[in-house]
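Have a look at it first, and then we can walk through its chains together.

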Amino acid sequence: MKKLLTVSILGLALAAGTTQARDYDHVRFGVDVPYEPMEYRTPEGELTGFDIELGNALCAEMGVTCEWIEQEWDGIVPGLMARNYDAIMSSMTINDERRQSLLFSDPYITMPGAWFAPAGSDLEEANEETLAGLSIGVQRGTTYDSYATDAFGSTANVNRYSTADDMMLDMEAQRLDIVFLEFAVGQSTLLDSDAGDFKVVGEMVTEPAEIFGEGFGIAFRQRDTALAERFNEALATLKEDGTYDEIYERYFGEE
Amino acid sequence: MELVNWFNELLAGNLIFTPQTLGYYWNGVVTTTQLVFLSLLVGLVMAVPLSILRGSKHRWIKLPIYAYTYVFRGTPLLIQLYIIYYGVVFVDGIQQTFLWPLLREAFYPALIAFTLNTAAYTTEIFHGAIKATARGEIEAARAYGMSDRMMMRRIILPSAFRRALPAYGNEVIFMLHASAIASVVTLMDITGAARFVYARYYAPFEAFLFAAAIYLCLTFAILYFFRFLERRLLAHLRPQN
Amino acid sequence: MLDLHGYGPRLLEGAGVTIQLAVLSLMLAIVLGLLTASAKMSRSWLLHKIATLYTTVIRGVPDLVLMLLLFFGGQMALNVLTDILYDRSGIDIFINLNAFAAGVITIGFIFGAYMGETFRGAFMAVDHGQIEAGKAYGMSDWLVFRRIRFPLMMRHALPGLSNNWMVLLKTTALVSVIGLSDMVRVAAEASRATHEPFTFLLPVAAIYLLIASVSEWMFARLHKRYNVGFGGH
């Protein structure tokens, strides 16, 4: 009886030892939703956004089917390692820190970070002086976290959240003075929504390069070099034939 | 100076344990210690009168205290933390009161949750110890003509607190470990520092094993402190040779 | 009436996850606890040391830290192993450590250490004369264990066991932090989305109290059963 129990509990952990072909004809993407306009659900519940449309177009170009699996940012890399999906396409910035454990495609877009504060806030500029002693919100483990931590970690309180939702709630509750995140995301979740009145503070942030890297890339497990190569080729094709520009303009207007 | 050099050399070539991340861990130790120490202190102060009243003969004194300890001991601390952290925000107009500058920080909601939790456990520990007072001690006190108050102060409480010491030591360690959930509401305690380091470098072993080692050291420090206290305060209970 | 904004079914599902998780972890903890207790009482120096190291380290580190370590680190370690296997021999197996499994293993592992202490104390409290009497009847070691040592030990272990179970039950809430949709996570998510924290968190707290009260009652009955023939309490 006891043996049976041990075996069944072990079996729990060792579930699903399926063999998987290395040449994918079905690609599963891990994605952290909502992150409007990059990845979000329409009120009807349909998953859409720049990453989603581009990802689907890439799959179509490569002649594979694809599937999107939602995963919070905190656990998005472990999820890839756990093979819950085969790639991450979720506004992930390419940088050297991440290259230690991930393989990246060529960058497919670059997006600046920006500061957002309540409309009534006195903040006009975001620098060491104006932010001193204030509470800054970021999503844990993002590029924006690294930037805020390195630049203001010693003079301001950096509050880190598992999800963007948590962060927005604390922003609305006035626990945070300012948040730092991807510009396009702040624009749709804070400026163009009814969450309250918010404004952009100061300039867009794209430097330093060792944090903001070369832009967003699709991340793979390190041994999946063949898959990454196929995505790079497909991306180049989409950029040539105008499909990429068409999707880009739909979300961000003329370049 | 030499120490600084030695330190820098030690860290050279190490991508994860930079002076910056070590600084986070150190701040984490400070935050954890403050949080645990303050909540234990306030919890202890609350628990002494509560544990006495918990043994009262009046139902209307006894029952509410029992209900309080039952609820706080019967539900996860994480839920209590969520209720207080998210709950205060939705109290109408709280943002305009003088309390808001405190409640706005994650530290104070966490402190309130931890304090209420440990006070509930400590109340029950003391209550149990008071109930276990030897009849002989009480009779002796009565024989001396002591009033109830004086007997409580001079006889029952001192002996009950000593008897409660081992159980209270466990509660202190329990609180230290329970405080790890503070990172869930953005506090950068030891676990918060580890989660930050993990999320930035994707190095789970370095990040969490280092945190585990710190907690282990703190646990041993508490353990030895209570052993020392027990040796001093419970000396009269040891067999004499 | 309570308006759960359509989260009702998911909360119920979450409660199911919590209960499954707690029961499976308890079973693992009991098995590990019995093993640990035997190791601690064995004559082997090595087994004794290993068991002591296990109970000391586990009881010195917060549950959440161990859980994060296993959930985030365990998969990485497993992948390194399976990758080596693939590169060396072309065997492509894959072991998936999901949040549920990580939760069961961590909680079981943690409480195995506490159970070990409980069981050890209880085994030591068993009157040696009873065991000798069993042997005198010609019972095998296994039979002595099953008929005499285990039931007698359970009598002494029950209070500790019930206490461990109550703590374990509350510990399951931590799996919400590693992304498992237990009832705490569903409630937290719902409170953020609807801005009504009390509507979801208070009922979940009540469910925990309900489970705790039911368990208390069950343990009281078990206590009665194992105390048959010992009179009084």
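Helices (H or I, at least four residues) and strands (E, at least two) are DSSP runs, numbered from the N terminus. This is a predicted model, in which local features need pLDDT of at least 70, side-chain atom pairs count only at pLDDT 80 or more, and totals for chains, interfaces and linings use all residues. Residues are numbered from 1 along each chain as its sequence is written, while chains are lettered from A and ligands numbered from 1 in the order in which they are written.

**Chains B and C**

Going along the sequence, chain B reads α-α-α-α-α-α-α-α-α-α, and chain C reads α-α-α-α-α-α-α-α.

How does chain B compare with a compact globule of 241 residues? Such a globule would have a radius of gyration near 18 Å, whereas chain B has 22 Å. That radius is taken over C-alpha atoms, and the globule rule is 2.2 Å times the number of residues to the power 0.38.

Two residues are in contact if their C-beta atoms, placed from the backbone, lie within 7 Å. Of the contacts in chain B with a separation of 6 or more, 76% involve residues 24 or more positions apart. In chain C, 74% of the contacts between residues at least 6 apart in sequence join residues at least 24 apart.

An unreviewed UniProt entry places the feature "domain: ABC transmembrane type-1" at residues 29–226 of chain B. UniProt positions follow the numbering used here, feature names are shortened, and annotations may be inferred rather than shown by experiment. This span of chain B is 80% helix and 0% strand, and its end C-alpha atoms lie 20 Å apart.

**A sheet in chain A**

Chain A holds an open sheet of five strands in the order 4-1-5-12-6, with mixed pairing. Its edge strands, strand 4 (65–70) and strand 6 (103–104) of chain A, each pair on one side only. Two strands count as paired if DSSP finds at least two bridges between them.

Strand 5 (residues 87–88) and strand 12 (residues 219–220) of chain A are antiparallel partners over two bridges. Ile88(A) has Ala219(A), in strand 12 of chain A, as its bridge partner.
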